[in-house]
Amino acid sequence: MCFVQEESSSGEVSMSEPLKVTGMVLSAVPSGEYDKRTVILTKERGKITAFARGARRQNSILLAPASPFAFGTFTVYEGRTAYTLVRAEISNYFTEVREDFEAACYGCYFMEVAEYYTRENLDGSSVLNLLYATLRALLNEKLDNKLIRCIFEMKAMVLNGEYPYDVVNDTSLLESTRYALGYVIQSPIQKLYTFTLAPEVFAEFRRVQNRFNRLYIDREFKSLAILKAMQADIS
């Protein structure tokens, strides 16, 4: 068994065992001269902050794993206020998403939303599964990215316990819109991205979700601002 030592401000030394977590890197920023500060959404520990020492060096084994979109198993040591990332086994870098500018912007937005809704030491498996399925949906040429966005936003609210389920009873909406809303609310994550909508139904579907975004989300997302600049009709 390997251990890492930490020295506290009082001079005390504590021992920490390595911990393996499954998750996805939501964000990564430079820290110091060669390190990265990452935020990882994990199944086991929810959202964690982990420092990857030397990850900005060209020969570092953490250069690619300590980057947004990287999904896999991460070996970390738990510290007083953050974790230290020492190893990673990445099963999906979502390279195709990263190489498509529009898809990457949507992906970054989805990761910002996932970071907004998750907390440390709370089960992050549902949001992680939703995020993974949504990034895969971006690779489906038959699906409109705007529809993917609405479905993701809606299901994220459902998982967070915020979504007003009674919207499906709103008779001012088209029957097809109410059916689509109910489908997203009730369906398991693996079944979410399996439908398309007629233009008039999607327009109403999107208006409903935009209204709930304004009601329940109290922050602006940088990546969404980029999307708005790219697409004049996005709201």
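Modeller: pLDDT is the predictor's confidence in each residue, on a scale from 0 to 100. This is a predicted model, and over residues 1-15 its pLDDT stays under 50. The model has 27 contacts beyond four places in sequence for that stretch. Where pLDDT is low, the predicted coordinates should not be read in detail. For the protein chain the mean pLDDT is 92, with 92% of residues at 70 or more.

Now the core. The largest nonpolar core has 54 residues, and the members touching the most others are Phe 110, Tyr 163, Tyr 193 and Phe 205. Two or more residues each come from strands S3 (18-31) and S4 (35-42), and from helices H2 (101-117), H3 (125-137), H4 (145-159), H5 (175-186), H6 (199-216) and H7 (222-230). Helix H2 gives the largest share, 10 residues. Another core, of 14 residues, lies apart from this one and includes Val 21, Val 25, Ala 50 and Ala 66.

Phe 205 shows what such a position looks like in detail. Leaving aside residues up to four places away in sequence, Phe 205 touches Leu 147, Cys 150, Ile 151, Met 154, Thr 177, Ala 180, Leu 181, Val 184 and Leu 197.

Next, the rings. The model has 11 aromatic pairs. One of them joins Phe 110 and Phe 152, a tilted pair with 4.7 Å centre to centre and 45 degrees between the planes. Phe 110 sits in helix H2 and Phe 152 in helix H4, 42 residues apart, so the pair links distant parts of the chain. Phe 110 counts as buried because its relative accessibility is 0%, and Phe 152 is buried as well, with a relative accessible area of 1%.

Phe 212 and Tyr 216 also form a tilted pair, because their ring centres are 6.1 Å apart and their planes stand at 45 degrees. These two are four residues apart in helix H6, which means a separation of about one helical turn. Phe 212, at 4% relative accessibility, counts as buried, whereas Tyr 216, at 32%, counts as partly exposed. The cut-off for buried is under 20%.

Ring pairs also build a cluster, which links Tyr 106, Tyr 109, Phe 110, Tyr 116, Tyr 117, Phe 152 and Phe 221.

Terms used
Residues numbered from 1 in each chain as written. Predicted model: local features only at pLDDT ≥ 70, side-chain atom pairs only at ≥ 80, totals over all residues. Heavy atoms only, no water. Core = buried A, V, L, I, M, F, W, Y, C linked by side-chain atoms within 4.5 Å. Buried < 20%, exposed > 50% of the residue type's maximum accessible area, 1.4 Å probe, protein only. Contact = heavy atoms within 4.5 Å. Phe/Tyr/Trp six-rings, centres within 6.5 Å; stacked < 30°, edge-to-face > 60°.
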